[in-house]
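Have the structure open and follow along.

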Amino acid sequence: MSSTPSQPRSGSGILLDPNMIHLNDISRTSSRASSEASLQRVKNLPGYITPVFKGKEEQRALVQADVALKGFIPRELIANEVNWFYSQLGIDDTYFQNESPSVISDHILALFGAKVLAYTKHDLNKLVIDLEKIDEKGNGATFIHTSLPGLTSTDGPGATCESRIDSLYLDNSTPSKCYRLETFRSTGSISATASQQLRCYFITKCNFPSPPPPSTRTDGLTDILTVSDTAFLERASPYTLEIYQKIMWQVESRYGPVMEVFEVEGTRERRLVIGYKMGGTSRFFSALSHLYHFYQLYSARKYVEQFSNGITIISLYLNPMPESTAAPIEHSIFQVMKEASLLYCLPDNPFFLDSGKSGHAVQEATYAYCGWVFAQHFCNRLGPAYLHLRNSLDESNPSHAEVLNDIKRRFREETFTRESIAQVIHAHPEIIRLLYVNFAMVHYPTADEASQLGPTLSYQRLQTTQPLSDSELYDKIRRTVLNKQDLQVLESFLIFNKHVLKTNFYQPTKVALSFRLAPEFLPEVEYPNKPFGMFIIIGNEFRGFHIRFRDVARGGIRIVMSRNKENYSINQRMLFDENYGLAATQSLKNKDIPEGGAKGTILPSLGAPPRRCFEKYVDAVIDLLIPGQSPGIKERLVDLYGKPELLFFGPDEGTADMMDWAALHARDRGAETWWKSFTTGKSAKLLGGIPHDTYGMTSLSIRQYVLGIYKQLGLREKDITKVQTGGPDGDLGSNEILLSADKTVAIIDGSGVLADPAGLNREELIRLAKLRSTVANFDKTKLSKDGYLVKVEEQDTKLPSGEIILDGTDFRNGAHLRFKADLFVPCGGRPEAVNISNVAGLTDTEGKPHFKYIVEGANLFFTQQARLHLEKRKVILFKDSSTNKGGVTSSSLEVLVGLALSTQEYVDLMIFKDGKPSDFYRNYVKDIQAKISENAAAEFHCIWREHARLQGAKPRTQISDELSGKLNDLQAELELSDLFDDVPSRKGVMRRAIPKPLVDQVGLDTLLERLPETYQRALFSSWVASHFIYKYGVNGSSVDFFHFARDLAR
């Protein structure tokens, strides 16, 4: 950690600037008004009852005897040293009560030894004390070291003590294992000749009574007395209990932190109390010290209290440094509170820990961190050289495509690294400060007069720097920064500033930072389809994106987990591109539903809990969807977008069990009208969701393509051999097994490879599918003599053929290239499992494909080049965006019912009673299943007809894309047309587009009153576009559409 110099900073030296006197006058007046309105006063009484150790004198005699016995200190000095330690140093009785005479005598010897060492160096200021005792059984610890008030140590024990306490005792707190902390500064100095004081930390394991004492409350609220540690209850004063009780209630009702400031009557001391849920942040305690030191404040005492209901409360007793040159504590305490909310989001920010050199306050450092993340994803762009090369090559040629892919990968990996971007930011603190001002002058919220909040210190800091226009700032950067790569990094900050439409950066409380960006900066060469909107979310333990291609859009939220550091680096580099690819594919898939394509991705840091990352991601996005109404908690943002936005989230990898929480959290945050439709994939019994796996929604559409192939080619299913990725434990894999009757010869899933050329035992597969169990649990006695099971953890396994498999994981990863069959249905696996580099592995030495038919179930399993390569070799292939859209259709209709029903109707009709669904629910699900099968069959026949009409001249993959593009284009045109305004046509379409059970239950006119107009337009246009094109094909004429539209009102 870096030190905090005592001289004025650029950030806090405003009071020394004669040109800013008028602002200071305003600030004093407004801060006084603010103080009167929002500052709470407490009496000048101790917050904790300091225990009086009655056996102190007897202990002193024992310690003195023990010191004498150890023989290190000259006998004539012993009494004086022991007396100084007990009476002059100002150590709290807590220490003497907790420690044994032997430990105390060791500490006195260590203190004397440090004095002798400092004497030999002829500099008593170099006197360093470092005493610690960590209980081997995990019951707590004591740390004592020299400490200068108001400064963050850069060396010695003080540089690491608090960060060690965070990692050892605070970061991983749970109600079953947590620690309370008391720390105070000694009131006396180390000796008569050395001015240093000691900082003492006492950590003790919490002891919660079991069973807890009965509550005395009758209002249902938590009684703090029933969830407190016994030592805390012994020491906390009545008014501290009262304050903590109120903080606790607020924490329980809020997802983010709660922060309150208290003025101590008759003094300049301010007490900052912060409450939050355990696990909500990490390294926070040590980061807070760095924060108040920045404003030249010091803490007399600090407490961390933990409670058995999972709540942590930190209390800081803050005072101004004597002769401080910073802003008065009466002003700066509000800035500390405001910036503590940013620290809660990013406590381990390298650009704030470097503030001794850069002078960055927390807000500037947090902005630098966010710009750092943005630059990592958007500096490594390919540029005109790549475009020229791509135009010169043929991407449908596998060798050319492989060269382009390799060049793209090298560009991304080698041009800019996280480290090189960070070096640029550290090297140009003044430019970063100007860029921050450029950002803040747009997004810093204008104070509401009704709130009585005047200009804060952060606002004053903005006034000390002359803001530059975008062009002036760009010119200054270009003149100042001569290195081309440095220039590109800093330009990316300016691009970031210009495209942020709204952010929760200045919200008083938050758990992660979120930014709504206009996507115009994305280069067309890499992102040919421009998204409608994008979000970037940055938390302490994760980063994430959300991309949507239309205003009304829906898609899953995927958690991308990393196995190791190298894998994390790859995932981090490719996160945005993966998100874009998934959202683009979703757009193609969502062709015949009202919602356009969208997708969210979350990349947790190594070891971070995925669920916590998801919850913070969701909460930070909601910050930008719901206008803030609560001063000091959630305030109104600067919104350059200026329109209401509504996102629909769905389950994806790693988030299937989190949709209930997101919907309920949206309701708790005030989304009364849309919480029911905010997420799909909710649990059926508790929240009326419609689970895809239970009702086989995605598999129903995949099966329509498989059955379509059988019907068109006159095949019998029982004669067809099949290979499947994605096992009986997954949604698609299990339902593919349960719905099919083929001869499956191989299944590959996360647990291993199961194969049998004679056909896997169907009854055993059905057993596993119903149990949702992996192939690792297949009964091997039901394999033929040539069948085998190789698990990922196995090594040196011998197959029936005699082949030795050295490593089960490696074998599993490449097994999809090994087998041959009539049909291949990938129902699981990582994106791009078959790509232009390995697609040759799906053909034999004579160029004959391993499979005759491929129906993609899993998203992005094949790259586009791989699909085209196989279709050239006469493989009948149907791509993911056409085949597995059953799930999105189901989710779309789940969104519709959530928007259409009132909360009471939703509870009555959609949520199970006594574990059973209502008749309405059952009928609604049946209608969804029918629509999925109808849409999938219609698209299959449309693609098959078009391929036959062209006599195979155009691959089905391309026809599918053109069909999706045509549908999306026509839908967009229809949304902007006046056809929707024709009421008979609108009602005719809506009556057919909305499931009949919903129309019968609510009534069409009521539905049209409730559904948002943007959603109605999207529903109308998607139904008209899909039904027209499925009927007339991609080449339907204007005359065809005229005849089609004439019948809409019927």
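## A sheet, a lysine and the overall build

Strands β18 (residues 743-749) and β19 (residues 752-755) run antiparallel and are joined by four bridges. Strands here are DSSP E runs of at least two residues, helices are H or I runs of at least four, and both are numbered from the N terminus; two strands pair if DSSP finds at least two bridges between them. One of those bridges ties Asp749 to Gly752 in β19.

A quick word on where this comes from: it's a predicted model, where local features need pLDDT of at least 70 and side-chain atom pairs count only at pLDDT 80 or more, while totals for chains, interfaces and linings use all residues. Residues are numbered from 1 along each chain as its sequence is written, and side-chain values use heavy atoms, leaving out hydrogens and water.

Back to the sheet. That pair belongs to an open sheet of seven strands with mixed pairing, in the order β20-β19-β18-β17-β23-β24-β25. β20 (788-791) and β25 (876-878) sit at the edges with a single partner strand each, so one side of each has no neighbour in the sheet. From one strand to the next, the twist averages 10° (axes are lines fitted to C-alpha atoms, with angles from 0 to 180 degrees between N-to-C directions).

Now for a lysine. Lys502 lies in strand β10 (residues 500-503). Why does Lys502 count as buried? Its relative accessibility is 4%, and buried means under 20% relative accessible area, with exposed over 50% and partly exposed in between (1.4 Å probe, protein chains only).

| Partner of the Lys502 side chain | Distance |
|---|---|
| Glu645, side chain | 3.2 Å |

A polar contact is a pair of N or O atoms within 3.5 Å; within protein, one must be able to donate a hydrogen and the other to accept it, and residues adjacent in sequence count only if both atoms are side-chain atoms. Leaving aside residues up to four places away in sequence, Lys502 also touches others, including His443, Phe515, Arg516 and Asp639 (contact means heavy atoms within 4.5 Å).

Zooming out, the protein has 41 helices and 25 strands. Its radius of gyration (over C-alpha atoms) is 33 Å, close to the 31 Å that the globule rule (2.2 Å times the number of residues to the power 0.38) gives for 1050 residues, so it's as compact as a globular protein of that length. Buried residues make up 58% of the 1050.
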